[in-house]
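Dear colleague,

Please find the structure below, handed over for your own work. My findings follow it.

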Amino acid sequence: MKFGILVFPGSNCDRDVAYVTRDLLGQATRMIWHQETDISDIDVVIIPGGFSYGDYLRCGAIARFSPVMQQVIDHALKGKFVIGICNGFQVLTEAGLLPGALARNQDLHFICDRSSLKVERNNLPWTYGYTEGEVITLPIAHGEGRFYSDESTLAEIEANGQVLFRYQENPNGSLNDIAGICNLQGNVLGMMPHPERAADKALGNSDGLRLFQGLLERVGAVV
């Protein structure tokens, strides 16, 4: 399996993700500059955390128009895998690959902490490494991480089982405690918590590593 990690001006978690995919898991990994227009060699696209374009408009709103994003959209529409983490989640909603939006935290403060999450379902490649209902701990670091949508969209997300991770103690005011969602097909995942920051046992927590391990176990042998 080959991972491609997007790099925007302002990305700051791209190397963290590369450490997981390349060094911990031993998978082919390529850093993809935002102006590239050919990602045909990539199996899994990762949009990392950071502050793409300095968040000068809305978080992810400018990154959505980078040349590489049309390739990411095409990649997703083919059923291939895309994950957006933190700022990457914001980019995915701005690009229309995931429903809803990420708004300013309820208390308007930047949050840097650890958060307990419930795994809502484990029948998708993203959560194959967990058990349904399991509570895991992942770091969070965001100022605009409050998931928001209109009532009808929220009802559809819940009815379709698109919520994969839910906060146990809501840190930012996200509707329905939502921490991570997928698209209807299940190949696109957006999450505010950082699995790559909880992937090395040396850091005292490897709950995040199982997200990547589960994906490899489920689909790595067939790509």
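A residue is called buried here when its relative accessible area is under 20%. By that cut-off, both Tyr130 and Phe165 are buried. Please keep in mind throughout that this is a predicted model.

Aromatic pairs

The search of the whole structure returned 3 aromatic pairs. One of them joins Phe89 and Phe147, whose ring centres are 6.4 Å apart with 15° between the planes, and this pair is stacked. Phe89 belongs to helix H3 (residues 87-94) and Phe147 to strand S8 (residues 146-148), so the pair links distant parts of the chain, 58 residues apart. Phe89 counts as buried because its relative accessibility is 1%. Phe147 likewise counts as buried, at 1% relative accessibility.

Tyr130 and Phe165 form an edge-to-face pair, because their planes stand at 85°, with the ring centres 6.3 Å apart. Tyr130 is found in the loop between strand S6 (111-119) and strand S7 (135-142), whereas Phe165 is in strand S9 (residues 163-167), so this pair ties together parts that are 35 residues apart in sequence.

A further contact with a ring involves Arg64, whose charged end sits over the ring of Phe65 at 4.9 Å from its centre.

The largest pocket

The largest pocket holds about 200 Å³ of space. Its lining consists of 16 residues, and those closest to the pocket centre are Gly50, Phe51, Phe110, His142 and Gly143. H3 and S7 are the elements that give two or more residues to this lining. Sorted by class, the lining residues of the largest pocket are 6 nonpolar, 7 polar and 3 charged.

Cysteines

How many disulfides does a search of the whole structure find? The search finds 0 disulfides. Cys86 is in no disulfide, and the nearest cysteine sulfur, which belongs to Cys13, is 6.9 Å away. With a relative accessibility of 5%, Cys86 counts as buried.

With kind regards

Methods. Residues numbered from 1 in each chain as written. Predicted model: local features only at pLDDT ≥ 70, side-chain atom pairs only at ≥ 80, totals over all residues. Heavy atoms only, no water. Phe/Tyr/Trp six-rings, centres within 6.5 Å; stacked < 30°, edge-to-face > 60°. Helix = DSSP H or I, 4+ residues; strand = E, 2+ residues; numbered from the N terminus. Buried < 20%, exposed > 50% of the residue type's maximum accessible area, 1.4 Å probe, protein only. Lys NZ or Arg CZ within 6 Å of the ring centre and 35° of its normal. 1 Å grid on protein atoms, 1.4 Å probe; cavity = no way out; pocket = protein on both sides within 12 Å on 5 of 7 lines; lining within 4 Å. Points joined across faces, edges and corners; volume = space filled by probe spheres on them. Nonpolar A, V, L, I, M, F, W, Y, C, P; charged D, E, K, R; others polar. Disulfide = S-S within 2.5 Å.
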